[in-house]
Amino acid sequence: MAKSFPIFGEPNYSDTINPDDLIDLFLNSTADGICILNMENRFIRVNDMYTKILGYTETELAGRSFEEIDQSDLAIEVIKAVKQGEFFHDLVTQCLHKDGSLLDIAVSFSPLRNSVREIIAIIGIYRDITKHLTIERELKRTRELYRLITENTTDMIKLYTNDKKIIYASPSHEKWLGFPTNELIGKDVYSLILPEDKECLDQVYEKLMRTGEPQLFQVKMRTSDNSYIDTEITISPIYNEENEIESYVTVARDITDRIKNDDALRNLDRLSIIGQLAAGVAHEIRNPLTSLKGFSKLLKSTIDKQKQDDYLSIIMNELDRIDMIVNEFMSLAKPQAIQFKRESLSAILDSTVNILHPQALLHNVQIINHFITDDIDLLGNRNQLKQVFVNFLKNAIEAMPSGGQVHIDVQKAEGSQVLIRITDEGTGIDNHLMDYLGTPFYTTKDKGIGLGLTVSNKIIQEHNGTMKIESELGRGTTITVELGYV
């Protein structure tokens with residue numbers, strides 16, 4: 001009969017527990033798989049977790065040789081060493097499951113001694129770490145893949161913190177900017193762009209924080225020799241466990257050549273606009289010239305001082321009118337360096353209307369402004385935005401050959417956004433043609449070159465805005481532009 005032991009050192013307590021029950025309690029309560037081998041390497045005891053790990057039942061294992069179950073050289077050599085009294089902890093090895101699948105196992109082997117310190121058995125403790133190591137291997141493969149991508153891509157990849165300090169920069173930065181990677185770590189991202197682009201970048205961050213969506217924008221990046229390249233950048237937020245933005249990743253690429261091509265298309269579109277507006281401008285100038293000619297003759301023929309003053313006043317007004325028309329026309333025609341700065345939206349729209357006024361008169365079109373009372377400042381390029389609105393207004397005028405009204409509505413929207421809507425009463429556009437709008441060189445006009453909407457959409461995107469066209473055949477067209485204001 002087995003000897004009984006008092007529970008947890010309470011000698012006066014009447015309840016006792018059988019040692020075999022205590023061993024069973026221990027074996028079946030542990031989260032590890034446990035096996036006990038005799039000195040012939042045969043199983044004499046296993047717990048339930050061991051059978052779950054390897055897939056065998058206790059009956060299938062009883063009396064079987066350990067080598068039949070675990071044939072790894074490491075395990076067999078370890079068993080031999082344990083018989084000599086050595087201990088092995090947390091060895092990582094691989095075992096075959098009963099179904100043939102391979103398991104990653106952390107195993108410890110210890111000698112089991114009797115009361116006279118003789119080794120009478122071997123105890124093995126198994127822990128299945130297959131899932132853990134699979135995740136580690138996958139993570140390692142993913143990291144290696146990311147490393148290969150970032151080290152071999154021609155795009156410039158950066159990771160930086162909330163305070164805009166760079167913590168990683170791909171080697172491609174040295175190719176495009178001339179800065180070794182180690183020189184970029186710790187730098188402020190603002191130090192790599194033109195000072196005048198800082199406000200534009202701040203707007204991008206504001207929109208990213210507001211929407212939580214990646215943003216696409218363009219800036220000039222500084223090189224090691226203090227020159228600049230044009231870049232297109234995608235910025236994405238990285239969130240922590242509290243769903244807060246803790247860092248950013250950007251992917252930038254050199255688009256200097258593309259910018260040159262875009263500039264060529266814009267110049268072509270601008271020249272097309274100038275050619276089409278020339279007749280209207282000439283007509284508008286002819287009227288004040290006629291007045292100038294007539295009042296010059298009157299001025300020459302009179303000696304009345306009051307009349308001379310009146311005639312000179314009229315002549316000066318007509319000259320101012322001609323000067324305004326020519327200046328507005330030339331500002332559109334003259335190529336200028338592209339710089340973003342704070343501009344008045346009302347001033348841009350007023351200037352645009354002035355340019356299109358002669359064209360509107362020729363077509364019996366009235367342009368009606370619905371500007372809000374408080375002015376709105378945009379961060380952008382005045383001439384580029386003027387080119388956009390000239391395109392839209394010119395299209396609206398040409399869509400009404402019999403005359404009509406064009407309405408310009410401006411209103412603020414949520415999140416420091418402003419909506420500019422240009423609505424005409426023209427012929428409208430067929431639904432099946434809407435998908436082709438904006439395709440380079442596609443046009444429905446006899447005299448058009450098919451670049452207006454393409455160039456306009458590109459300019460709006462560079463200003464971090466959006467463009468939407470709505471049209472109904474026979475009812476007119478509305479173009480909505482959304483831009484951020486400062």
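This is a predicted model: local features need pLDDT of at least 70, side-chain atom pairs count only at pLDDT 80 or more; totals for chains, interfaces and linings use all residues.
Q: Why are H12 and H13 called oblique to each other?
A: The axes of H12 (residues 345–362) and H13 (residues 382–398) cross at roughly 40 degrees. Angles under 35 degrees count as roughly parallel, and 65 to 115 as roughly perpendicular. H12 and H13 are therefore oblique.

Q: What makes the contact between H12 and H13?
A: The axes come within 9 Å, and H12 passes H13 in a right-handed crossing. Residues of H12 in the contact include Leu345, Ile348, Leu349, Thr352, Ile355, Leu356 and Gln359. H13 contributes, among them, Arg382, Leu385, Phe389, Val390, Leu393 and Ile397. By class, the contact has 13 nonpolar, three polar and four charged residues.

Q: Why does Ile76 count as partly exposed?
A: Its relative accessibility is 22%. Buried means under 20%, and exposed means over 50%. Ile76 therefore counts as partly exposed.

Q: Where is Ile76, and with which residues is Ile76 in contact beyond its neighbours within four places in sequence?
A: Ile76 is in helix H5 (residues 73–82). Leaving aside those neighbours, Ile76 is in contact with Glu67, Asp70 and Gln71. Phe66 is 10 residues away in sequence and 8.5 Å away in space, C-alpha to C-alpha.

Q: What makes S9 and S10 the edges of their sheet?
A: The open sheet has five strands in the order S9-S8-S12-S11-S10, with antiparallel pairing. S9 (166–169) and S10 (215–222) each have a single partner strand, so one side of each is left without a neighbour in the sheet. Neighbouring strands are turned by 30 degrees against each other on average, direction ignored.

Q: Which strands of this sheet does helix H9 touch?
A: H9 (residues 198–211) packs on the sheet, touching S8, S10, S11 and S12. Its direction makes about 155 degrees with that of S10.

Q: How do you know that S11 and S12 pair?
A: Pairing takes at least two bridges. S11 (residues 228–239) and S12 (residues 245–254) have nine, in the antiparallel sense. Tyr239 stands opposite Ile245 in S12.

Q: Why is S3 described as largely enclosed by the rest of the structure?
A: Five of the five residues of S3 (residues 33–37) are buried, so the strand is largely enclosed. Gly33, Cys35 and Leu37 point one way, and Ile34 and Ile36 the other.

Q: Which residues stand opposite Cys35 in S7 and S4?
A: In S7 it is Gly124, and in S4 the bridge partner is Val46. S3 pairs antiparallel with S7 over five bridges, and three bridges join S3 to S4.

Definitions and conventions: Residues are numbered from 1 along each chain as its sequence is written. Side-chain values use heavy atoms; hydrogens and water are left out. Axes are lines fitted to C-alpha atoms, for helices over the stretch in contact, and angles run from 0 to 180 degrees between N-to-C directions. Helices (H or I, at least four residues) and strands (E, at least two) are DSSP runs, numbered from the N terminus. Angles under 35 degrees count as roughly parallel, over 145 as roughly antiparallel, 65 to 115 as roughly perpendicular and the rest as oblique. A crossing is left-handed if the near helix is turned anticlockwise from the far one by less than a right angle, and right-handed if clockwise. Contact means heavy atoms within 4.5 Å. Ala, Val, Leu, Ile, Met, Phe, Trp, Tyr, Cys and Pro count as nonpolar, Asp, Glu, Lys and Arg as charged, and the others, Gly among them, as polar. Buried means under 20% relative accessible area, exposed over 50%, partly exposed in between (1.4 Å probe, protein chains only).
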